[in-house]
Amino acid sequence: MVRKARDSGVEPRKHMAKTLASLLSASLLAASPLFAAETDPVGALTLNFKNNSDTAFSVPLHRAAEYSGVIGTGGISEFPITPAGTPGWTADDFTTTPHYVLMMEGAMEGMYYTVTANDTGTLTVEDIGAGDLAAQGILEGERFQVIPYWTLNTLFPDGEGFPASSDVFNPVGVIFESNQGGAGINFPKLGVSYLYHDGSQGPSGWYKAGAVGDGLQNDVPLMPDNFYVVRNQTNEDAEFVLTGSVQMADHHTIVARRVANARQDNLMALTF
């Protein structure tokens, strides 16, 4: 699963907001900087998924960056990016599990792109439908990070902090993705949903609700600019504690018009 597709008619407009640590219910800890894997400040927050309720939330803290660098001379070619220096990557480092590139400065500061391929010195990112990287204004010498996506089983490892279900056909807790593919206005806001199975009927782990035959979904990535809804149908609250890195760049997303000359709703999460 990759980031939501953009059609060729998308008209990008900036939606930016400076990261404000004071807006997080978090304790920020200073971290020592490293060149190849720059460390952002660490934060934590707690959410309660109330019993017999739906709780909407976003994920404002990201996983630790696995690479930080700058785009090298001649390092932009349509969608491949080549960093300055010798990054020392292994082929498929960033695609065996899903990763994204986060731009840390420049015209597209705060925009993220799913990594679709990488070799030892170059990586390729998705086409989001807004032209190639140079056309979007990305330049040589600009800083970027490569960050692993949160997945269902890294955000909630082994279902921690989530209402587990013993019966996959009658789940007591599900997490919905927000519906980012809706065209027009007033479309259904909730999309695909997943449950955590406790192992009573088979292998424990994450499954797609209503489609358990699709197998384990532990590695489904969660998009940083989407919001999610947890439906807790038990009689007890579930407490979710998130720890992660604070984004030290602006936030940038696309406000799409999917049909020309038509009104369009866009669903967004507060990612700071």
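In this predicted model, the side chain of Glu142 reaches the backbone nitrogen of Leu139 at 3.1 Å. Glu142 lies in the loop between strand E8 (123–125) and E9. Its relative accessibility is 8%, so Glu142 counts as buried, the cut-off being under 20%. Beyond its neighbours within four places in sequence, Glu142 is in contact with residues including Gly69, Val70 and Ile71. Met103, Glu105, Gly106, Ala107 and Gly137 are also among its contacts. Ile71 is 71 residues from Glu142 along the chain, yet their C-alpha atoms are separated by 5.6 Å.

Six strands form a closed barrel in the order E4-E5-E8-E7-E6-E9, with antiparallel pairing. From one strand to the next, the twist averages 50°. E4 covers residues 67–76 and E9 covers residues 143–148. These two strands pair in the antiparallel sense over four bridges. Within this pairing, Val70 has Arg143 of E9 as its bridge partner. Val70 is also one of the contacts of Glu142. In general, strands of a sheet pair through backbone hydrogen bonds, either parallel or antiparallel.

A salt bridge joins Arg143 to Glu105, with the closest N and O atoms 3.8 Å apart. Arg143 lies in strand E9, while Glu105 lies in the loop between strand E6 (99–103) and strand E7 (112–118), so the pair ties together parts that are 38 residues apart in sequence. Arg143 counts as partly exposed because its relative accessibility is 32%. Glu105, at 26%, also counts as partly exposed.

A search of the whole structure finds five salt bridges. One of them pairs Asp54 with Arg231, the closest N and O atoms being 2.8 Å apart. Asp54 lies in strand E2 (residues 53–57) and Arg231 in strand E15 (residues 228–232), so the pair ties together parts that are 177 residues apart in sequence. Asp54 is partly exposed, at 43% relative accessibility. Arg231 is likewise partly exposed, with a relative accessible area of 29%. Side chains of opposite charge can pair when their charged atoms come close.

Another salt bridge connects Asp265 and Lys189, with the closest N and O atoms 4.0 Å apart. This pair links distant parts of the chain, 76 residues apart. Asp265 is in the segment after strand E16 (238–246), and Lys189 is in the loop between E11 and E12. Relative accessibility is 24% for Asp265, which therefore counts as partly exposed. Lys189, at 32%, counts as partly exposed as well.

The strands on either side of the Lys189 loop, E11 and E12, pair with each other. E11 (residues 173–178) and E12 (residues 190–197) run antiparallel and share three bridges. Ile175 has Tyr194 as its bridge partner in E12. E12 is also joined to strand E13 (residues 205–208) by four bridges, again in the antiparallel sense. Here Tyr194 stands opposite Lys208 in E13.

Key. Residues numbered from 1 in each chain as written. Predicted model: local features only at pLDDT ≥ 70, side-chain atom pairs only at ≥ 80, totals over all residues. Heavy atoms only, no water. Pairing = 2+ DSSP bridges. Axes fitted to C-alpha atoms, helices over the stretch in contact; angles between N-to-C directions. Buried < 20%, exposed > 50% of the residue type's maximum accessible area, 1.4 Å probe, protein only. Contact = heavy atoms within 4.5 Å. Polar contact = N/O pair within 3.5 Å; in protein donor to acceptor, adjacent residues only side chain to side chain. Salt bridge = Lys/Arg side-chain N within 4 Å of Asp/Glu carboxyl O.
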